[in-house]
Amino acid sequence: MKTIKKASLALSVSAALLSTAVVAQEENQDETSLELETIMVTAQKRTQNIQEVPISVAAMTPKELDTIGAGALDVRALSARVPSLLIESSFGRTFPRFYIRGLGNTDFDLLASQPVSLIYDDVVLENPLTKGFPMFDMEQVEVLRGPQGTLFGRNTPAGIVKVASAKPSQEFDAHVNMSYGTNSTRDFDIAIGGGLSDTISTRVSLLSQNRSDYIDNRAPGFEADDQLGGFDEKAVKFQLLYEPNDKFSGLLMYRVRNAQADARIFRANIIKPGTNDLVDNFNFDTVFQDAASRNIQKVDQTGISLKLEYDMGQHTFTSVTAVEEAEILSVGDIDGGYGASFVNQMGPGFIPFASETGASMPDHKQITQEWRLASNDIGKLDYQLGFFYFGEELTVNNLSFDSLFSQAQNGQTTQEAKTTAWGAFISTDYDVSDKLTITSGIRYSDDEKDWSGRLDQAVPFVSPLSAGATASDTVEDSQISFDVSGTYKYTDTTNVYARIARGYRAPSIRGNLLFDTAPTKADSETILSGEMGFKSRIWDNTARWNGSVFMYQVSDQQLTAVGGGSNVARLVNADKTNAYGFEMDIEAAVSENWFLTGGISYNHTEIDDANLAIAPCGGGCTVTDPTVIRTADGQDLADTAENAGLGTRVALLDGNSLPQAPEWILNFTARYEQELGEGNLFAYTDWAYRSEVNFFLYESVEFTGKSLLEGGIRAGYEWYTDNGDYEIAVFGRNITGEEQLTGAIDFNNLTGYVNEPTFWGVEFISNFY
């Protein structure tokens with residue numbers, strides 16, 4: 001009942017505010033002529049006005065993306081810039097983990113799946129490594145909140161981040177963006193496009209980002225200046241568009257990425273015991289590590305796709321064929337410190353035991369094929385139906401190193417996985433009247449994953465198996481996804497909608513035989529979600545205001561018990577997870593000089609499983625969950641010294657929120673501009689806030705991330721000519737110098753990692769047409 005009451009309260013507040021907004025709009029229709037541009041999205045695989053789509057969706061423009069990502073930031077810069085969206089990573093600049101409405105996956109394994117799907121230019125990027133492809137020369141980014149299983153299929157129970165690059169056209173256009181800033185950071189991207197002939201157009205986009213190492217190592221015996229923190233990233237997108245007539249088009253796209261950076265920089269002993277504060281002597285620019293010299297991360301990624309569209313009159317046929325390949329080698333100092341006395345000594349970087357590990361993915365190939373047939377506004381009933389195939393094969397090597405003595409590799413295991421999945425769907429839109437449209441769809445999906453593992457080199461005194469040990473297993477399932485929604489035109493400027501949807505995440509398997517005896521599996525998770533919302537243009541179309549309230553329940557949610565006292569990551573299923581919340585977005589042209597945007601979301605998540613328990617931290621943290629001693633046969637005993645040898649100490653998770661799931665996310669931007677000469681002087685600021693988060697499934701004092709508020713500023717001059725526009729600006733990111741934990745390691749001393757430091761820079765932007 002608590003869930004229903006809170007959701008109803010949020011809906012009542014939204015309805016009251018909506019009524020006020022409609023009245024205000026009617027009273028002020030003739031007071032201003034500052035109209036917002038219409039935002040078009042493809043959330044339903046059709047181009048539609050965002051105000052008419054019965055889904056909670058947000059869109060980000062190229063200008064917003066360039067501003068937020070200034071200073072060569074990666075995709076994590078989008079975190080909290082949209083209500084209900086959080087992005088983090090324990091890998092560094094690659095392997096981003098997405099969370100929507102509190103639902104995500106903290107697993108760091110290269111075989112992990114996520115409940116948020118990334119669609120890059122109509123191609124699903126399934127492996128978490130591939131989701132780090134840079135976003136540059138963009139047309140738009142859409143964030144679809146809630147299950148999207150009907151049209152997009154597997155692994156979308158939380159939602160989708162949908163990325164669209166700028167496309168080729170017959171019209172010439174080009175841009176050059178370049179910036180320079182803190183720690184010799186250089187960010188350069190260029191794009192040029194236009195017609196090669198009357199039927200062929202092309203576009204080429206190039207990105208180069210690099211930063212010098214700036215983090216000093218002060219571990220005794222390993223001292224070095226400027227040893228970590230740098231990166232060098234290159235990426236290219238090439239597109240060729242063939243349009244022989246107004247009925248057919250073929251778009252060929254090739255993407256390639258090469259990146260070299262540091263693996264995530266972990267820092268031992270940066271948390272004050274008994275608190276979640278950083279230690280008093282914390283310094284962004286200093287680490288104490290004995291393996292920093294071997295920290296490495298190399299990524300190579302390529303993708304090629306072919307999109308064919310044929311307009312047959314009443315119907316359009318679409319085919320999207322794609323091949324993705326990726327490789328990575330990543331090695332880091334996981335303990336974040338030096339020494340290893342096997343006693344829990346505190347101090348800058350000192351640790352009880354050493355952990356230097358890594359992973360490589362020498363082979364990876366993903367093949368996808370989608371065929372889709374869609375009607376072209378043929379009457380009251382429109383529809384689309386299609387078939388989707390997904391195939392993936394990959395090899396992963398898990399690595400271990402002896403950082404105490406030989407500094408050489410001392411362990412390796414090989415995982416191989418093959419996934420085959422397919423789905424068929426149909427979706428319809430029926431205009432019941434001029435005011436009411438009903439949208440519905442259903443999809444059948446089938447998944448199978450074969451896994452095998454081999455222990456190539458056992459870690460002395462650590463690996464539970466001997467070298468040469470093997471294991472294999474298979475997970476498979478078939479599921480039905482569906483959605484039903486209704487959109488009602490409340491006024492000429494306001495739509496209201498309601499939606500029910502079911503989605504799922506395919507079964508998972510992971511197994512690192514370096515530290516475990518067999519793989520662990522998780523059954524498919526399913527979600528049933530309901531939401532209601534409004535989409536309104538107010539104040540004579542000078543403002544856009546959208547809001548939604550939602551509730552969902554996940555059955556058999558896949559969770560990852562990371563680390564803990566046993567330092568082994570395992571998959572588990574939670575019986576249920578319940579959640580509810582709301583989102584609001586608003587943007588307004590307040591005057592000819594001022595433009596404001598704002599967003600807010602509330603997400604309450606709660607694990608509902610009385611028997612679910614995992615091993616908490618290995619020592620040094622203050623667990624706030626109830627703990628018991630669980631015996632091998634599943635009995636729970638009191639957590640006392642007398643019972644300690646009878647089983648494993650575990651923390652009960654019932655009632656906990658999901659990890660990395662902040663209840664509150666708020667964002668705000670303001671832009672002021674003043675005409676001067678042939679252009680405008682402008683000043684812009686943007687702010688993003690997320691409330692506190694749990695880093696792990698269990699709750700503890702030290703591993704609760706504090707709320708985080710980060711702000712940016714940008715000021716400069718933009719001017720226009722007959723064949724181009726230009727901008728010169730100074731900018732800053734994290735301008736208040738916030739220093740907060742964003743993640744942690746729980747099997748060693750109080751080790752964690754932090755947000756990005758303050759950055760200042762200058763940027764020049766030019767667009768030619």
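Mentor: Welcome! Before we start, one definition: a residue is buried when its relative accessible area is under 20%, exposed when the area is over 50%, and partly exposed in between. Please also keep in mind that this is a predicted model.

Trainee: Thanks! Is Ser-205 buried or exposed?

Mentor: Ser-205 sits in strand S12, which covers residues 200–211. Its relative accessibility is 0%. The limit for burial is under 20%, so Ser-205 counts as buried.

Trainee: Which residues is Ser-205 in contact with, leaving aside its neighbours within four places in sequence?

Mentor: Contact here means heavy atoms within 4.5 Å. With the sequence neighbours within four places set aside, the partners of Ser-205 are Phe-136, Asp-137, Ile-190, Ala-191, Ala-235, Val-236 and Lys-237.

Trainee: And how far apart in space are Ser-205 and Thr-420?

Mentor: Along the sequence, 215 residues separate Ser-205 from Thr-420. From C-alpha to C-alpha, the distance between Ser-205 and Thr-420 is 33 Å.

Trainee: Let's move to Arg-46. Why does Arg-46 count as buried?

Mentor: Arg-46 is in the loop that joins strand S1 (40–41) to strand S2 (48–49). Burial requires a relative accessible area under 20%. Arg-46 therefore counts as buried, with a relative accessibility of 19%.

Trainee: What about Val-462: is it buried, exposed or partly exposed?

Mentor: Val-462 belongs to the loop between strand S25 (436–457) and strand S26 (470–491). Its C-alpha is 29 Å from that of Glu-223, a residue 239 positions away along the chain. With a relative accessible area of 46%, Val-462 is partly exposed.

Trainee: What is the phi of Ser-84?

Mentor: Ser-84 lies in the loop between helix H2 (62–68) and strand S4 (85–88). This residue counts as buried, at 3% relative accessibility. Although Ser-84 is not a glycine, its phi is positive, at about 70 degrees.

Trainee: Where is Asn-734 found?

Mentor: Asn-734 is a residue other than glycine with a positive phi, near 50 degrees. Its relative accessibility is 5%, so Asn-734 counts as buried. Asn-734 is placed in the loop between strand S43 (724–733) and strand S44 (741–745).

Trainee: Now for the whole chain. What is the radius of gyration of the protein chain?

Mentor: The chain holds 3 helices and 46 strands, and its C-alpha trace spans about 75 × 55 × 50 Å along the principal axes. For 769 residues, a compact globule would have a radius of gyration near 27 Å. The protein chain agrees with this, at 26 Å.

Trainee: What percentage of the residues in the protein chain are buried?

Mentor: Of the contacts with a separation of 6 or more, 68% are between residues 24 or more positions apart. As for burial, out of 769 residues the buried share is 58%.

Trainee: Finally, over which residues is the pLDDT below 50?

Mentor: The average pLDDT of the chain is 92, and 95% of the residues score at least 70. The stretch below 50 has 38 contacts in the model beyond near neighbours in sequence, and it covers residues 1–32.

Technical notes: Residues are numbered from 1 along each chain as its sequence is written. This is a predicted model: local features need pLDDT of at least 70, side-chain atom pairs count only at pLDDT 80 or more; totals for chains, interfaces and linings use all residues. Side-chain values use heavy atoms; hydrogens and water are left out. Helices (H or I, at least four residues) and strands (E, at least two) are DSSP runs, numbered from the N terminus. The radius of gyration is taken over C-alpha atoms; the globule rule is 2.2 Å times the number of residues to the power 0.38. Buried means under 20% relative accessible area, exposed over 50%, partly exposed in between (1.4 Å probe, protein chains only). pLDDT is the predictor's confidence in each residue, from 0 to 100.
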